[in-house]
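Subject: Handover of a structure and the findings on it

Dear colleague,

Please find below the structure that I am handing over to you. My findings follow directly after it.

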Amino acid sequence: MSEAQVPPVTAIGVPRITAGFDEYGRLDLLAHQEVHGGFAALSSGELIGLADRIELRGRGGAGFPFARKVRAVLDSCRRQDLPPVIVVNGTEGEPPSWKDKAVLTRGPHLILDGAALAAAALDAEEIVIGIADDGIGESSITAALAERRMPCPTRIVTVPHRFISGEGGALVRGINGEAHIPPGRKVRSSDNGVMGLPTLLSNAETFSQLAIAARLGPWEYNAVGIPEEPGTVMLTVGGSATNPAVVEAPSGTPLMDVLNMCGADIGPGLLVGGYHGKWISAKAAETVTISRKGFAKVGGTLGAGMLIPIGSKTCPLGEVAQVVQYLAGESAGQCGPCRLGLPDLARAVTLVSLGGNAVDNVRQAAGVVKGRGACSHPDGTSRFALSSLEVFEKDVNAHANGEGCGKPVRGILPLPYTAEKGARRLALDWSRCDGHGLCSAVAPEIIRLDSNGFPAFPQTPLPPWLENGARKAVNVCPALALRLDDATASSN
């Protein structure tokens with residue numbers, strides 16, 4: 001990966017976080033000061049008051065009120081007589097999301113401004129900036145730190161570019177030198193975070209919004225957007241969009257305005273909120289405004305601002321199956337619902353995509369993991385899978401009756417391993433296959449037998465966690481009909 005892969009950035013209305021991007025590309029300190037101007041330091045009470053008045057919530061997905069986080073950290077500091085640590089979560093581990101990386105690479109000083117405001121207000125011991133090890137944003141944030149003085153020691157920590165590495169508890173563990181996975185039990189970072197100190201942890205965009213609000217003040221900040229959720233929202237529009245982009249838009253903007261600007265063919269459905277989000281129908285998308293409340297009205301979620309239209313030229317069930325397989329492989333493996341339940345869910349969804357009558361199996365597998373994990377990963381994955389059955393009901397029926405949807409899987413939903421050198425996929429030599437069926441017994445997660453007893457499997461790259469099973473299936477084939485091919489070969 002490289003910073004050149006970050007999508008174009010645009011804005012609806014007057015840009016705030018993205019101001020100056022068109023003119024400067026990347027804002028160094030001088031350009032940043034020219035575009036945004038200065039700001040005054042805040043006391044802890046003023047910081048809380050500002051966050052309260054602008055209804056600032058975390059922009060990493062959970063939407064937790066920022067002022068409540070600050071209060072919890074202050075209470076913990078007083079109770080334990082310890083200084084706090086500020087953590088900026090810029091890891092952005094979800095493959096479809098680019099909004100934080102766009103700000104890291106092009107407007108890093110806004111993120112540092114927000115972190116500096118919080119650190120000064122709380123008299124913090126340290127600021128830690130967590131980023132992924134994919135190299136995107138690291139040089140930009142490093143250069144920005146070299147240009148300025150921060151109110152306390154500030155360091156950058158890189159974590160593996162994995163889906164679960166950006167979860168708050170996983171990030172704290174990684175900073176502390178432990179495994180980059182969520183803790184097996186609920187631990188409040190406000191009580192016990194980095195180095196055991198009370199820790200204020202929030203997303204990179206959240207700190208950028210705080211920096212904007214400190215300059216504008218609550219009245220001017222709230223002049224944009226809707227009263228319940230004022231300000232702007234950073235969105236990543238991808239999927240079938242012909243002009244994928246990171247878009248800054250005022251809250252309350254009609255969803256279709258954003259999608260039309262990016263040339264999005266919605267097709268039968270739109271994924272909102274990312275791979276722990278939900279699918280909504282094209283009809284529902286026409287009624288939505290960009291806000292937590294707006295998405296909630298149609299059963300969706302804003303999450304971390306990902307909008308992924310599936311389009312009309314790809315098999316939605318095949319795309320969904322790939323993602324559920326990926327999410328099953330992203331498990332931390334420390335509790336039964338993840339370690340055992342998610343592979344079962346992935347197997348059931350894959351069977352649906354291959355034409356098996358496994359819808360009840362999907363519902364059963366999702367029900368088993370719901371509410372039972374050590375973190376939110378099982379719940380988010382089951383929500384993604386179950387909502388796809390509702391929105392793509394016609395496709396489910398078409399696959400189940402043997403007709404199929406007639407469309408290929410095109411990788412509309414991005415995955416980290418599909419473009420990697422060494423990615424593999426199963427292939428079959430039909431001139432050799434005698435329908436022994438041994439392969440499906442060895443690798444039921446990816447291979448089923450069709451009505452004639454011949455193997456059926458996705459024609460898509462294998463997630464790493466399924467490669468061993470696929471290799472076993474290849475090895476047991478008595479006719480030597482199965483093989484593993486390079487998934488990135490040009491012949492595909």
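The accessible surface of the chain amounts to about 19900 Å², and carbon and sulfur atoms account for 49% of that area. Please note that this is a predicted model.

**The chain as a whole**

The chain has 492 residues, of which 56% are buried. Its secondary structure consists of 19 helices and 16 strands. The radius of gyration is 23 Å, close to the 23 Å given by the globule rule for 492 residues, so the chain is as compact as a globular protein of that length. The C-alpha trace spans about 75 × 45 × 40 Å along its principal axes. Of the contacts between residues at least 6 apart in sequence, 72% join residues at least 24 apart.

**The six-stranded sheet**

An open sheet is formed by six strands in the order β1-β9-β8-β12-β10-β11, with mixed pairing. At its edges are β1 (9-11) and β11 (278-281), each of which pairs on one side only. Neighbouring strands in the sheet are turned against each other by 25° on average, with direction ignored. Helix α5 (residues 99-106) packs on this sheet and touches β1, β8 (232-237) and β9. The direction of α5 makes about 110° with that of β8.

β1 pairs with β9 (residues 245-250) in the parallel sense, over three bridges. In this pairing, A11 stands opposite E248 of β9. On its pairing with β8, β9 is antiparallel, and six bridges join the two strands. Here M234 is the residue that stands opposite E248. β8 in turn runs parallel to β12 (residues 306-309), to which two bridges join it. The bridge partner of T236 in β12 is M306.

How many of the six residues of β8 are buried? Six of the six are, so the strand is largely enclosed by the rest of the structure. Both of its faces are covered: T232, M234 and T236 are buried on one side, and V233, L235 and V237 on the other.

In helix α19 (residues 467-476), the buried residues are E467, G469, A470, A473 and V474. They cover an arc of only 165° around the axis, which puts them on the same side of α19. The face turned away from this buried side carries the exposed residues N468, K472 and N475. The elements that cover the buried residues of α19 include β13 (424-428), α18 (438-442) and β16 (482-486).

After α17 comes G402, which has a positive phi near 95°.

**Backbone and loop positions**

Most residues other than glycine have a negative phi. D81, which is not a glycine, has a positive phi of about 55°. This residue lies in the loop between α4 (66-80) and β2 (85-90). E92 is likewise not a glycine and has a positive phi, of about 45°. The loop that holds E92 is the one between β2 and α5.

Is each of these residues buried or exposed? D81 has a relative accessibility of 68%, above the 50% cut-off, and so counts as exposed. E92, at 8%, is under the 20% cut-off and therefore counts as buried.

One further loop position is V187, between α8 (168-175) and β5 (199-203). With a relative accessible area of 32%, V187 is partly exposed. The C-alpha atoms of V187 and A487 are separated by 41 Å, and these residues are 300 apart along the chain.

With kind regards

Methods: Residues are numbered from 1 along each chain as its sequence is written. This is a predicted model: local features need pLDDT of at least 70, side-chain atom pairs count only at pLDDT 80 or more; totals for chains, interfaces and linings use all residues. Side-chain values use heavy atoms; hydrogens and water are left out. Two strands pair if DSSP finds at least two bridges between them. Helices (H or I, at least four residues) and strands (E, at least two) are DSSP runs, numbered from the N terminus. Axes are lines fitted to C-alpha atoms, for helices over the stretch in contact, and angles run from 0 to 180 degrees between N-to-C directions. Contact means heavy atoms within 4.5 Å. The radius of gyration is taken over C-alpha atoms; the globule rule is 2.2 Å times the number of residues to the power 0.38. Buried means under 20% relative accessible area, exposed over 50%, partly exposed in between (1.4 Å probe, protein chains only). Accessible areas come from the Shrake-Rupley method with a 1.4 Å probe; for residues, only the protein chains shown count as cover. The arc is that of the directions from the helix axis to the C-beta atoms.
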